[in-house]
4 protein chains.
Amino acid sequence: MSAEETGRVEAFSDGVFAIAMTLLVLDMKVPRDLAQGQTLAQALAGQWPTYLAFVTSYATILIMWVNHHRLFTHIGRWDDRLLFANGLLLLGIVLVPFPTALVAEYLGRAGQTTAALVYNGTFIVIALCFNLVWKSASTNDRLLRADRNPDAVRHITDSYRYGPLFYVVALVVGFVSVTASLVVNCALAVYFALPSRTAAVIGHAGKAHQLPASHQGQARPSDRPPG
Amino acid sequence: MSAEETGRVEAFSDGVFAIAMTLLVLDMKVPRDLAQGQTLAQALAGQWPTYLAFVTSYATILIMWVNHHRLFTHIGRWDDRLLFANGLLLLGIVLVPFPTALVAEYLGRAGQTTAALVYNGTFIVIALCFNLVWKSASTNDRLLRADRNPDAVRHITDSYRYGPLFYVVALVVGFVSVTASLVVNCALAVYFALPSRTAAVIGHAGKAHQLPASHQGQARPSDRPPG
Amino acid sequence: MSAEETGRVEAFSDGVFAIAMTLLVLDMKVPRDLAQGQTLAQALAGQWPTYLAFVTSYATILIMWVNHHRLFTHIGRWDDRLLFANGLLLLGIVLVPFPTALVAEYLGRAGQTTAALVYNGTFIVIALCFNLVWKSASTNDRLLRADRNPDAVRHITDSYRYGPLFYVVALVVGFVSVTASLVVNCALAVYFALPSRTAAVIGHAGKAHQLPASHQGQARPSDRPPG
Amino acid sequence: MSAEETGRVEAFSDGVFAIAMTLLVLDMKVPRDLAQGQTLAQALAGQWPTYLAFVTSYATILIMWVNHHRLFTHIGRWDDRLLFANGLLLLGIVLVPFPTALVAEYLGRAGQTTAALVYNGTFIVIALCFNLVWKSASTNDRLLRADRNPDAVRHITDSYRYGPLFYVVALVVGFVSVTASLVVNCALAVYFALPSRTAAVIGHAGKAHQLPASHQGQARPSDRPPG
């Protein structure tokens, strides 16, 4: 059962993630018409909402890619249901540059609450889609690898259950302060970046020191030489 | 006979599909100059043709990718004829963002019938190109895998025969109502998303319960452990 | 000696080819401000130089990808020299959307000869880079696969020798007629699309009927089952 | 221990490098409104800062890709720390089109020192991220391949130590002359393109003639036939 089985789904998804992340830079515009007496440095500094939105969206897509990568470490086969769940997830990823540009444009102006609503709404939908992908693969272990780590699988199921709720919190915060909402999003990115390792420590407790240094090694023990 | 043989054709095609899907977002413009008394929410809601065109095109390209993926499950080798048929197909895919932007701009205004004509015409051409790719591979089983499923191959041949006709129907509907034409396109996307599984059930009837859960498993029985 | 050895160079190149081809669509602008009494159909028809330039550039990049694919069928290893020759080639590919937009903008107007000069100049440089890549791999068979087909290798060496010259012809034609120059480019695309098969027939003459149906099969006889 | 283990990280990174390189072309604008009496050739020639910035950025990203490729020849496993270090590195790569456009716009005008500062600052950050990636993999040989070349590993560690410093020099030069700063960047690109081979010659001295022609061959001796 080789890693190739879901290879093309992963490669296609990687392409979409990579392009969505890279297209974010297109919203960083070079200031062209400087106001009287304004320096380029001032004009660039005045674009800080663009940079904040860029970094938040980049970090979020990156962590989503990392999580996608993690999920597919455990998924060994595909069927139509997985392909469409994954396609719906990628629709959310592809959309990210739009709400990012919206927030960058309206942060600090009338309309910023609407912009934050659309921004956080997109991430709620993406979090729901991650659940859809994981359910389509893990229900009754339908498409999981034979040599998966059951603790890691259970941990993913647990942590995904509450993912969309956390993004709802970010959305509600957005009604009070849009900047605070972006900060909550960054915090969520950090949270979703950490759980797998933390979980491994908590879930395996006494065995933690025996865990191999790499997840990949953990997932495919049979491929590795004893040393 | 490894999956690598057509690996680079698939990887290149995946890249084109992924980029075309992702570039669709570039046509979703942030409303910048709000009219007097207009809120951002109203401005965003007023862009609904853009969202409808985006979702229709995204869904159509996604299903086309799924079908491309399905075809190449059965194709084991390549030659120049396949490369050029595939290149022509990708030309159609690459074009999709243009008619999509056209429909989004002209829906509900003078010129919308022309826009729908170009939009549906593009999909007819793509459906014809899918036939070209499949014929170049399946005529006399030229480039098919030795371990292909003959029923699945026959089913693809049958369902592709009428594909372009269905898109002609969508085009004709476009003369009456452009919105209805987009809906027909969405319905066609669903139709092309379903056939393979439905066909498996119909074609194998009594054997359906023995089918493995995944298509991939179906395509490469020899790679799989008995359990 | 697996196909993986140059796998990452090929994957990276595929990405660049795929993106350059897809970005071409960004120059196909939706007509937004129709002149008084002008229909959308007329406005679209008036953009024919854009479509001609798009199709020519797409076809040229596609055929260059096919040729790149062919070259790397014979190349089994990489070193720094190959990586940089390939990087220079990709620089040419990445540039293609710029002269394409130039020709589309200036065809039929003052400046069209300059535009054609830049357009054809780009393709001359790309043809020279193809020679550089092939030389860096084939000189003394440095990086070629052990199981390469010597006739196919010799044929590539022969046909590449004159490639840049042909593009010089297209450039010279451009001084007389820019449209004719684009047609010559299309003809060159067809010429570079054909040679390998034609050569196989000519070079192998009496053995032609024994050639396997696929090039890939030709390149890796040892991977294939006898049937 | 197959090359697949870090395959998806490499494929994802390749996608980001390829897209960032290709997006650079979007800043090369077709001159549309020629001044009275100005030819297209003059208008194109007047855009030389754009071409200089394009070529410098392309060459820099290309060499960074080559170095990324080199690093991962020695890296055989991944963990979360490597994924995030690599994600931070790619953030720098994704940003490159922005400072490139900035330099192209402001070279020779007020604001050019600020533009050069941002441009060189980006490359300092990228050089620091390369150190981060390499440290996360090479500290205690955590994620390195068992069959790595220790001399090559040591050489990378040595040459990366001073990388960020060199880019600080380019930044300082930018305060005196922005064009000179771009030239220093080009020189640095050449420097980072060379070291591995030079190092092989210096580090192995008497053994240099025995080195295989390809790095890949060097990295995976066990995959290669004796001849």
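User: How many residues does helix α4 of chain B have, and what span does it reach?
Analyst: In this predicted model, α4 of chain B covers residues 80-95, which is 16 residues. The helix reaches 23 Å from its first C-alpha to its last, close to the 22 Å expected at 1.5 Å a residue.

User: How many residues of α4(B) are buried?
Analyst: Of its 16 residues, 12 are buried, so α4(B) is largely enclosed by the rest of the structure.

User: Which are the buried residues of α4(B)?
Analyst: Among them are B:Asp80, B:Asn86 and B:Gly87, together with B:Leu82, B:Leu83, B:Leu89, B:Leu90 and B:Leu91. B:Ile93 and B:Val94 are also included.

User: Turning to backbone angles, what is the phi of C:Asp141?
Analyst: C:Asp141 has a positive phi of about 55°, although it is not a glycine. Most residues other than glycine have a negative phi.

User: Where is C:Asp141, and what is its relative accessible area?
Analyst: C:Asp141 lies in the loop between α6 (112-138) and α7 (150-176) of chain C. Its relative accessible area is 34%, making C:Asp141 partly exposed.

User: And what about D:Asp141?
Analyst: D:Asp141 has a positive phi of about 55° as well, and its place is in the loop between α6 (112-138) and α7 (150-176) of chain D. At 36% relative accessibility, D:Asp141 is partly exposed.

Methods: Residues are numbered from 1 along each chain as its sequence is written. Chains are lettered from A and ligands numbered from 1 in the order in which they are written. This is a predicted model: local features need pLDDT of at least 70, side-chain atom pairs count only at pLDDT 80 or more; totals for chains, interfaces and linings use all residues. Side-chain values use heavy atoms; hydrogens and water are left out. Helices (H or I, at least four residues) and strands (E, at least two) are DSSP runs, numbered from the N terminus. The expected span of a helix is 1.5 Å times one less than its number of residues. Buried means under 20% relative accessible area, exposed over 50%, partly exposed in between (1.4 Å probe, protein chains only).
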